[in-house]
Amino acid sequence: MNALTALQPQLSLGDCLADMAVDALIDEADLSPKPGLVDRRGSGAHTDLHLGLMHASALSLWPCFKAMAEAAQQRGEITQALREDVGRIGRDGEVEMLRVTGGVNTHRGAIWAMGLLSAAAALDTRALAPAQVAVRAARLALLSDRAAPASSDSHGAQVCRLYGVHGAREEAQLGFPAVIQQALPQLARSRAAGAGEQGARLDALLAIMTQLADTCVLYRAGIAGLTCMQQGAQAVLKAGGSTSLAGRRRLRELERDMLRLRASPGGAADLLAAALFLDRLQHGLPAQIGSH
Ligand SMILES: CC(C)(COP(=O)(O)OP(=O)(O)OC[C@H]1O[C@@H](n2cnc3c(N)ncnc32)[C@H](O)[C@@H]1O)[C@@H](O)C(=O)NCCC(=O)NCCS
Ligand SMILES: Nc1ncnc2c1ncn2[C@@H]1O[C@H](COP(=O)(O)OP(=O)(O)OP(=O)(O)O)[C@@H](O)[C@H]1O
């Protein structure tokens with residue numbers, strides 16, 4: 001310990017993971033220019049969302065992520081009891097989010113993904129590599145939550161039935177392949193190529209968009225919208241990514257097409273936040289974490 005760390009207040013593991021989760025959500029919201037999504041320039045394809053609301057919503061979720069991490073610390077292992085704790089805390093978090101936003105869905109998918117990952121991180125702080133945390137989150141997501149509402153007619157459930165794709169639930173149960181196989185490798189490649197942090201994050205978002213069956217896009221714009229998103233994102237990356245001149249031209253075309261279709265890749269945005277969370281986590285937790 002040096003003089004600086006001695007002066008800093010002790011943080012609990014839950015405090016620290018909640019800080020990291022909220023930071024990742026704010027970094028995702030601020031990242032610009034994101035096609036169709038809320039960013040620093042405006043509301044994208046949304047009429048009921050704006051950047052201030054995304055920030056307020058992210059901050060309102062801090063106690064939810066802290067409580068999920070603490071539940072994991074207390075249970076100490078992946079059990080149905082922990083799955084049901086996480087489900088209950090997540091539903092309470094959703095109620096608080098809707099209270100803060102006046103009923104607008106700002107972060108439903110993020111509560112699910114980041115909540116599972118916060119709990120998974122807290123379960124074993126000696127194994128914080130992205131793939132290790134994602135596997136624990138998947139094992140938790142595979143357990144059934146007996147208290148969850150029996151039938152869901154959410155937008156995601158409707159399009160999963162209609163198009164036979166997998167949505168937010170299955171993405172988690174598979175161990176977040178869009179994060180582990182697409183976003184994090186692209187983030188590393190673009191950083192290594194000198195893209196700059198914002199450019200590397202945009203490229204990571206695009207990498208997710210090339211493959212994901214984003215149920216937000218499917219609900220608003222059908223298969224045509226999903227194809228437009230996947231092929232358009234692929235074209236940007238093929239042209240050299242978001243920091244190259246040719247890539248930026250393709251990115252503008254993708255944004256124009258997505259706005260015309262009213263398509264917004266909210267699922268891809270949530271998974272980018274998950275990738276930023278795991279990326280930060282693998283570099284270690286702050287030194288001043290106490291045992292409380
Ligand atoms: C599994 C969840 C996300 C519901 O998913 P479902 O697809 O039914 O709902 P919905 O249409 O609201 O979509 C959820 C969000 O997931 C994100 N998303 C969309 N597509 C994807 C995808 N392919 N992969 C990952 N995330 C995606 C989007 O942000 C979307 O808004 C979760 O909210 C849930 O289980 N709700 C039930 C109530 C509950 O128990 N909540 C607490 C859980 S911690
Ligand atoms: N920067 C962002 N901009 C917009 N959406 C985002 C952003 N980041 C994450 N999201 C995710 O996108 C989802 C919001 O999408 P959407 O508005 O399509 O959902 P909905 O309210 O269920 O549907 P609709 O508005 O089509 O009736 C949220 O669940 C949120 O997790």
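**Notebook: overall fold**

I began with the secondary structure and counted 14 helices and zero strands in the chain. I kept in mind that this is a predicted model. Reading along the sequence, I wrote the pattern down as α-α-α-α-α-α-α-α-α-α-α-α-α-α.

Next I looked up the dimensions. Along the principal axes, the C-alpha atoms fill a box of roughly 50 × 50 × 35 Å. I also checked the radius of gyration: a compact globule with 292 residues would have one near 19 Å, and the chain has 19 Å, so the two agree.

**A helix pair: α2 and α4**

How do the axes of α2 and α4 cross? I found that they come within 8 Å, with a crossing angle of roughly 135°. That angle is why I noted α2 as oblique to α4. The crossing is right-handed.

I then listed who makes the contact. From α2 come Leu13, Gly14, Asp15, Leu17, Ala18, Ala21 and Val22. α4 brings Trp62, Phe65, Lys66, Ala69, Glu70 and Gln73. Sorted by class, this contact has eight nonpolar, two polar and three charged residues.

**Around ligand 2**

Which residues are closest to ligand 2? I wrote down Leu37, Val38, Asn105, Gly266 and Ala269, out of 21 residues that surround the ligand. The elements giving two or more residues to this shell are α2 (13–30), α6 (108–123), α12 (215–238) and α14 (266–281).

Definitions and conventions
Residues are numbered from 1 along each chain as its sequence is written. Chains are lettered from A and ligands numbered from 1 in the order in which they are written. This is a predicted model: local features need pLDDT of at least 70, side-chain atom pairs count only at pLDDT 80 or more; totals for chains, interfaces and linings use all residues. A residue is near a molecule or strand if its C-beta atom, placed from the backbone, lies within 6 Å of it. Helices (H or I, at least four residues) and strands (E, at least two) are DSSP runs, numbered from the N terminus. Axes are lines fitted to C-alpha atoms, for helices over the stretch in contact, and angles run from 0 to 180 degrees between N-to-C directions. Angles under 35 degrees count as roughly parallel, over 145 as roughly antiparallel, 65 to 115 as roughly perpendicular and the rest as oblique. A crossing is left-handed if the near helix is turned anticlockwise from the far one by less than a right angle, and right-handed if clockwise. Two residues are in contact if their C-beta atoms, placed from the backbone, lie within 7 Å. Ala, Val, Leu, Ile, Met, Phe, Trp, Tyr, Cys and Pro count as nonpolar, Asp, Glu, Lys and Arg as charged, and the others, Gly among them, as polar. The radius of gyration is taken over C-alpha atoms; the globule rule is 2.2 Å times the number of residues to the power 0.38.
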